[in-house]
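Open the model in your viewer and keep the selection panel at hand. The tour makes two stops.

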Amino acid sequence: MDEKLMPIEKGKKAKPEKLKPANEGKKKNVKIKADFERTSWIKRNSIKYLRWNFFFSVIFRFFRFMLLLGGAFVILLPFFTMIAGSFMTHADVVDITVRMIPRYPTLATYSAIIAENNFFPILGMTALISFLAAFFQMAVCCLIGYGLAKFKFRGNGLIMAAVIVSLIIPHEMLRLSMQNHMGGFDLLWDLGLLGAPGILGLVGASPLNLMNTYAPLMMLSLTGLGFKNGLFIFIFRQYFKGVPDELEESAYIDGSGVLRTFFKVILPLSVPMMITVFLLSFSWQWTDEFYARLFFRQVAGQARLLPDIIARIPASIAVQTGTGGEELFHATIRNTTGLMIIIPLVIIYLFFQRKLIQGIERSGITG
């Protein structure tokens with residue numbers, strides 16, 4: 001029989017249990033701390049630092065620091081070289097004794113690029129086109145991703161498979177077809193609804209030539225057919241799959257329709273993801289060379305977007321062939337132009353880096 005259940009014998013009194021004082025543990029800790037403080041400084045530090053755990057932690061932190069320092073050096077060295085080279089003259093570039101610090105620093109390269117390459121007008125046009133394209137792609141891909149994630153219909157998997165295929169098709173495979181399509185654009189004839197090409201079938205009319213215009217960029221963004229739109233649709237689909245269905249069901253019970261539920265309930269939750277997709281689309285459009293060379297390649301000597309001016313060397317600082325080091329100096333000028341192009345992206349990232357990282361984490365696409 002358990003001792004706790006045994007009856008108390010007559011004539012014997014139950015001994016009350018001794019209760020430990022509440023502050024006994026606290027007093028013990030205070031005593032240990034006082035004893036430790038009474039010890040000598042040498043003994044205290046020997047107890048604290050002369051341990052295997054401390055040595056292992058120091059070694060681990062040292063190697064981790066060296067690894068991070070080496071990685072940062074490898075990644076940042078090209079940028080430091082570009083920044084240093086942008087202030088060099090031709091004499092500094094060909095001088096083998098000059099490494100990172102220019103001997104005759106100058107701003108002539110920056111001023112020549114701004115004045116002779118029409119940098120700021122092209123910068124403004126590129127910013128406008130990139131903003132519109134990013135906004136249209138964000139809106140269209142958000143709607144498509146929400147529909148593929150939350151609605152069950154025939155062909156859902158087929159559409160998603162087409163989205164995945166669009167991610168793996170090389171751009172060069174579609175160059176000729178896109179050029180022919182935009183050079184003689186007629187939607188009804190392309191769809192086979194008309195027997196002869198013409199602007200919507202008008203007699204005597206010829207197809208539209210959209211080359212050397214910004215219309216193809218806007219059309220691809222509005223219809224969700226750009227090369228990067230497949231990735232954006234996939235990102236939105238993965239994000240909306242993680243949104244609980246109970247939020248939509250509660251909105252439907254309250255009488256909200258599909259569009260009202262999307263704009264009032266789902267869209268406010270998707271702001272970090274929308275900002276992420278917008279920044280990605282803006283950055284890719286800002287530095288895109290494929291579309292810039294495809295749709296504007298017939299314009300000779302005229303730049304429409306920022307990637308067009310990278311290969312242009314200002315005449316005031318160009319070096320004649322045969323003087324020595326002309327190719328290296330011209331490469332330095334092109335690097336300076338590229339540096340001026342990416343500076344706005346760096347500034348945008350500094351302001352929106354928290355939203356960007358938060359959106360990437362919620363998308364489920366990591367690693």
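What follows goes from a helix to a cavity. This is a predicted model, in which local features need pLDDT of at least 70 and side-chain atom pairs count only at pLDDT 80 or more, while totals for chains, interfaces and linings use all residues. Residues are numbered from 1 along each chain as its sequence is written, and side-chain values use heavy atoms, with hydrogens and water left out.

**First stop: H7**

Select residues 156–168, which form helix H7; helices are DSSP runs (H or I, at least four residues) numbered from the N terminus. From first C-alpha to last, H7 spans 19 Å over its 13 residues, close to the 18 Å expected at 1.5 Å a residue, where the expected span is 1.5 Å times one less than the number of residues.

Now colour Asn 156, Met 160 and Val 163, which are buried (under 20% relative accessible area, 1.4 Å probe, protein chains only; exposed is over 50%, partly exposed in between). They lie on the same side of H7 because they cover an arc of only 50° around the axis, taken from the directions from the helix axis to the C-beta atoms. Turn to the other side of H7 to find Gly 157, Leu 158 and Ile 168 exposed. Next show H6 (119–150) and H11 (229–241), the helices against which the buried residues of H7 pack.

Select Gln 137, Lys 228, Gln 285, Asp 288 and Tyr 291, which are the closest to the centre of the largest cavity among its 17 lining residues. Its volume is about 180 Å³. A cavity here is a set of points on a 1 Å grid over the protein atoms alone where a 1.4 Å probe fits but cannot get out, and lining residues have an atom within 4 Å of a point.

Technical notes. Helices (H or I, at least four residues) and strands (E, at least two) are DSSP runs, numbered from the N terminus. Contact means heavy atoms within 4.5 Å. On a 1 Å grid over the protein atoms alone, a cavity is a set of points where a 1.4 Å probe fits but cannot get out, and a pocket is an open set with protein on both sides within 12 Å along at least five of seven lines; lining residues have an atom within 4 Å of a point. Grid points are joined across faces, edges and corners, and a volume is the space filled by probe spheres set on the points.
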